[in-house]
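Colleague: I have a model open and would like to talk it through with you. Could you take me through it step by step?

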Amino acid sequence: MSDELVSVRYMVDDVQAAVDFYTSHFGFTVRTSAVPAFADVVRGHLRLLLSGPQSSAGRPMPDGRTPEPGGWNRIHFVVDDIDAELDRLRSAGLTFRNDIVSGPGGRQILLEDPAGNPIELFQPAGA
């Protein structure tokens with residue numbers, strides 16, 4: 001169905017900081033808030049679940065590992081002008097993992113949310 005949401009879970013250190021980040025910089029709106037444990041935000045068909053250490057998703061695994069933010073899996077935003085987005089987000093003080101890289105499909109850069117989760121901005125070739 002075209003009206004269904006796609007859900008992605010990000011582990012975060014501070015749920016309110018994550019909510020503020022995604023609503024301020026990327027146009028998400030709050031769907032549910034159980035701060036400080038959990039919140040989910042929505043942009044179009046993307047539902048981003050923001051799970052803090054106090055959430056059920058933050059509980060240790062049977063082998064003792066604890067879910068944590070970071071990693072390399074990421075949400076991917078297609079943009080029309082990556083240079084303009086880079087200027088806008090750098091002026092807002094956001095943290096980037098790299099500089100813009102170019103490939104046959106287009107240009108991309110990785111930035112981080114307040115917990116260190118990656119976000120990819122991608123401008124397709126020819127855009």
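**Charges, fold and core**

Modeller: In the protein chain, the mean positions of the 11 positive and 17 negative charges lie 4 Å apart, where Lys and Arg count as positive and Asp and Glu as negative, with His and the chain ends not counted, and each charge is placed at NZ of Lys, CZ of Arg, CG of Asp or CD of Glu. This is a predicted model, in which local features need pLDDT of at least 70 and side-chain atom pairs count only at pLDDT 80 or more, while totals for chains, interfaces and linings use all residues. Residues are numbered from 1 along each chain as its sequence is written, and side-chain values use heavy atoms, with hydrogens and water left out.

Colleague: OK, how many helices and strands does the protein chain have?

Modeller: There are 2 helices and 9 strands, and from the N terminus on they run β-α-β-β-β-β-α-β-β-β-β; helices (H or I, at least four residues) and strands (E, at least two) are DSSP runs, numbered from the N terminus.

Colleague: And which residues have the most contacts inside the largest nonpolar core?

Modeller: They are Tyr22, Phe26, Leu50, Leu111 and Leu121, in a core of 27 residues. Such a core is a set of buried Ala, Val, Leu, Ile, Met, Phe, Trp, Tyr and Cys residues joined through side-chain atoms within 4.5 Å, and buried means under 20% relative accessible area, with exposed over 50% and partly exposed in between (1.4 Å probe, protein chains only).

Colleague: Which element gives the most to this core?

Modeller: That is α1, with 6 residues. Elements that each supply at least two residues include α1 (15–26), α2 (82–91) and β9 (118–124).

Colleague: What is Phe26 in contact with, leaving aside its neighbours within four places in sequence?

Modeller: Phe26 is in contact with Phe21, Arg43, Phe77, Leu89, Leu94, Leu111, Ile119 and Leu121, contact meaning heavy atoms within 4.5 Å.

Colleague: Changing topic, is Ser55 buried or exposed?

Modeller: Ser55 is found in the loop between β4 and β5, and it counts as buried because its relative accessible area is 6%. Not counting residues up to four places away in sequence, Ser55 touches Met11 and Ala37.

Colleague: Last one: where is the cis peptide bond?

Modeller: The cis bond joins Val35 and Pro36, with omega about 15°, and Pro36 lies in the loop between β2 (29–34) and β3. For background, most peptide bonds are trans.
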